[in-house]
Amino acid sequence: MPETPLPLNVAVRECLQMAPPTALPMTYHRLAEALGLQPPRTIARVTQALEASMREDAAEGRPFIAALVVSRRAPHMPARGFFELAVALGRFPDDIALHAQAWRDEYQRALAQRE
């Protein structure tokens, strides 16, 4: 599959909105594959696009669609940068002990927004 001609943050959002519920949460690697990204730095580019989407979502008062993307490693949650940016954007609490639940709640809101 050729690399997407859309701006990457737009393509990421479109891919996550159109993904069947059974494909979610989607791993960073799977999202890169679905977008047809080729090395080098595929995961870094996906991460940058997800962070851009988080800034857009925060500005628009929408759930973070980036919450639908997780690491393939246990505990299968977003990478640390997701949580750091969510805190910086004022969406998640500073207390890291509360991050897992905040992510689960955000994940459900992002799923519900897709419907």
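Predicted model: local features only at pLDDT ≥ 70, side-chain atom pairs only at ≥ 80, totals over all residues.
The largest nonpolar core holds 34 residues. Leu16, Leu24, Leu31, Leu50, Leu68, Phe82 and Trp103 touch the most other members. At least two residues of this core come from each of α1 (8-18), α2 (28-34), α3, β2 (69-70), α4 (80-88) and α5 (99-114). The largest share, five residues, is supplied by α5. Leucine 24 illustrates the contacts of one core member. Beyond its neighbours within four places in sequence, leucine 24 is in contact with Leu16, Ala19, Leu68, Tyr107, Leu111 and Arg114.

Aromatic rings were examined next. The count comes to six aromatic pairs. In one of them, the ring centres of phenylalanine 64 and phenylalanine 82 lie 6.1 Å apart. Their planes meet at 80°, so this pair is edge-to-face. The pair links distant parts of the chain, 18 residues apart. Phenylalanine 64 lies in the loop between α3 and β2, and phenylalanine 82 in helix α4. Both phenylalanine 64 and phenylalanine 82 are buried. For phenylalanine 83 and phenylalanine 92, the centres are 6.0 Å apart and the planes stand at 50°, so the pair is tilted. Phenylalanine 83 and phenylalanine 92 are likewise buried. Phe64, Phe82, Phe83 and Phe92 form one aromatic cluster.

The structure holds six salt bridges. Arginine 13 takes part in a bridge with glutamate 56, with the closest N and O atoms 3.1 Å apart. This pair joins helix α1 to helix α3 across 43 residues. Arginine 13 counts as buried because its relative accessibility is 14%. Glutamate 56, at 31%, counts as partly exposed. Arginine 13 also forms a salt bridge with aspartate 57, at 2.9 Å from N to O. Here the partners are 44 residues apart, with aspartate 57 in helix α3 and arginine 13 in helix α1. Aspartate 57 is buried, at 0% relative accessibility.

Another salt bridge joins glutamate 33 and arginine 30, at 3.7 Å from N to O. These residues are three apart in helix α2, so about one helical turn separates them. Glutamate 33 is partly exposed at 43%, and arginine 30 is partly exposed at 42%. Elsewhere, salt bridges that share partners join Arg13, Glu56, Asp57 and Arg62 into one network.

Serine 53 is also found in helix α3 (residues 42-60). Its relative accessibility is 0%, so serine 53 counts as buried. Not counting residues up to four places away in sequence, serine 53 touches Arg13, Ile65 and Ala66.

Definitions and conventions: Residues numbered from 1 in each chain as written. Heavy atoms only, no water. Helix = DSSP H or I, 4+ residues; strand = E, 2+ residues; numbered from the N terminus. Buried < 20%, exposed > 50% of the residue type's maximum accessible area, 1.4 Å probe, protein only. Contact = heavy atoms within 4.5 Å. Core = buried A, V, L, I, M, F, W, Y, C linked by side-chain atoms within 4.5 Å. Phe/Tyr/Trp six-rings, centres within 6.5 Å; stacked < 30°, edge-to-face > 60°. Salt bridge = Lys/Arg side-chain N within 4 Å of Asp/Glu carboxyl O.
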